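Subject: Structure handover

Hello,

Here is the structure I said I would pass on. My notes follow below it.

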Amino acid sequence: MIVLQGNLSKNFTQAEYHRGDAKVGMTKETIVFIRVLQAFRNWLKASMIVISWGRTKAENAAVGGIPNSNHLLPRACALDWHLTNRTIDKTLFIKYAKKWASLCKSAGVLGECGLYNWGMHIGIQNSAQAKANGGRFVHWDSRTGKQINNPFTELRGL
């Protein structure tokens, strides 16, 4: 396990990574996630307001996260975020998800994205998830409160 202090990258801090202990550990896979995340942020050219990143099991349960969430520490390879004063609608989600999938592929990892009323989830699948998903990028739409898996034809096959 790796413990970093200070900023994790140009635009992301330890405090955003985990709002609790600023010296919480992370894995090598998390470092790859941070690099891809920073590349996405560079492309976006806008601030990403972090809602949730790394969570303990208790924090994950408290927010209704699934037991094998990619937010779980020390791996923490998922980020929930939104834009200031702008809604991420279907059109933006598809644009952002395509870019995220491309950046993940370039880094040798498999991405995932979810659309919510509050913003967007971006992450990288672990090896078991990637195998279960047939090595495909996955996405979902949870704006109605019910998750619909792989609903956007524009994102299938990424």
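A search of the whole structure finds 3 salt bridges, where a salt bridge is a side-chain nitrogen of Lys or Arg within 4 Å of a carboxyl oxygen of Asp or Glu. This is a predicted model, in which local features need pLDDT of at least 70 and side-chain atom pairs count only at pLDDT 80 or more, while totals for chains, interfaces and linings use all residues. Residues are numbered from 1 along each chain as its sequence is written, and side-chain values use heavy atoms, with hydrogens and water left out.

Helices (H or I, at least four residues) and strands (E, at least two) are DSSP runs, numbered from the N terminus. Arg 75 is buried at 13% relative accessibility, whereas Glu 29 is partly exposed at 29%. Buried means under 20% relative accessible area, exposed over 50%, and partly exposed in between (1.4 Å probe, protein chains only).

Asp 80 and Arg 55 also meet in a salt bridge through their side chains (3.1 Å, N to O). Asp 80 lies in strand 2 and Arg 55 in the loop between strand 1 (49-52) and helix 3, so this pair ties together parts 25 residues apart in sequence. Both Asp 80 and Arg 55 are buried.

Arg 143 pairs with Asp 141, the closest N and O atoms being 2.6 Å apart. Here Arg 143 is partly exposed at 30% and Asp 141 is buried at 9%.

Next, helix 4. Its 17 residues (90-106) should span 24 Å at 1.5 Å a residue, and the end C-alpha atoms are 24 Å apart, which agrees; the expected span is 1.5 Å times one less than the number of residues. Among the buried residues of helix 4 are Phe 93, Trp 100, Leu 103 and Cys 104. The cover over its buried residues includes helix 2, strand 2, strand 3 (111-116), strand 4 (119-124) and strand 5 (138-141). After helix 4 comes Gly 108, with a positive phi near 80°.

Val 36, in helix 2 (residues 28-44), is buried at 5% relative accessible area. Beyond its neighbours within four places in sequence, Val 36 is in contact (heavy atoms within 4.5 Å) with Trp 100, Leu 103, Cys 104 and Ala 107.

Regards
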